[in-house]
Amino acid sequence: MNTRNKAFFAQLMEQHKGIVYKIVNSYCQNQDDRQDLAQEILTTMWLVFDKYDNAYKFSTWMYRIALNVAISYYRKDSKRQDKANANEGYMVHIPDLSQEGERSEEVRQLYDFIAQLDKLNKAIMLLYLESESYDSIASSLGLSKTNVATRIGRIKEALKNQFETQES
């Protein structure tokens, strides 16, 4: 990679670092795992950056790589024991600090619910909450658009039931 591309890569990573934070915080519950996964994601992006096609949104490309690395990270080591402490629980920590103080109880419950989903459904919901289209989610995760729509519908229904159960 030439110097110009290195600077461009660094600039893009700075602009979109929230994507990496969001994914590592969603998939890992302790700091060591987060750092390991973030490093693996950034290394993978660095290695394939020359193949990035700027005809597509950079954030979509970044999500695709980061999610695939995160899912593979856990598939590689099925014996991985999550070392999360009780205080960390299964809370998804999305680092949107600008709205941290405004997070309502319902939003916290939503992120708790998402954290309990399996890896693929968690990835789908992270992209869905980023307002990615079904086509984009399907493309990023190697699924059909119909499969994405079906999974989102089922997740929404389960979420609705969970909220109704808590209210009664």
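Buried means under 20% relative accessible area, exposed means over 50%, and partly exposed lies in between (1.4 Å probe, protein chains only). The model is predicted: local features need pLDDT of at least 70, side-chain atom pairs count only at pLDDT 80 or more, and totals for chains, interfaces and linings use all residues. Residues are numbered from 1 along each chain as its sequence is written, and side-chain values use heavy atoms, with hydrogens and water left out.

**Exercise 1. Classify the aromatic pairs.**

Start with the rule. Rings of Phe, Tyr and Trp (its six-membered ring) pair if their centres lie within 6.5 Å; planes under 30 degrees apart are stacked, over 60 edge-to-face, the rest tilted. The count comes to 9 aromatic pairs.

Take phenylalanine 9 and tryptophan 46. Their centres are 5.1 Å apart and their planes stand at 75°, an edge-to-face pair. Phenylalanine 9 is in helix α1 (residues 3-27) and tryptophan 46 in helix α2 (residues 31-48), 37 residues apart. Helices here are DSSP runs (H or I, at least four residues; strands are E, at least two), numbered from the N terminus. Phenylalanine 9 is buried at 8% relative accessible area; tryptophan 46 is partly exposed at 33%.

Now take phenylalanine 49 and tyrosine 52. This pair is stacked, with 6.4 Å centre to centre and 10° between the planes. Phenylalanine 49 and tyrosine 52 are both buried.

Finally, join the pairs. Ring pairs link Phe8, Phe9, Trp46, Phe49, Tyr52, Phe58 and Trp61 into a cluster.

**Exercise 2. Describe the surroundings of tyrosine 27.**

List its contacts (heavy atoms within 4.5 Å). Neighbours within four places in sequence aside, tyrosine 27 touches Leu37, Leu67, Ala70, Ile71, Tyr74, Lys119, Lys122, Ala123 and Leu126.

Look at the ring. The charged end of lysine 122 sits over it, 5.0 Å from the centre. The test: NZ of Lys or CZ of Arg within 6 Å of the ring centre and within 35 degrees of the ring normal.
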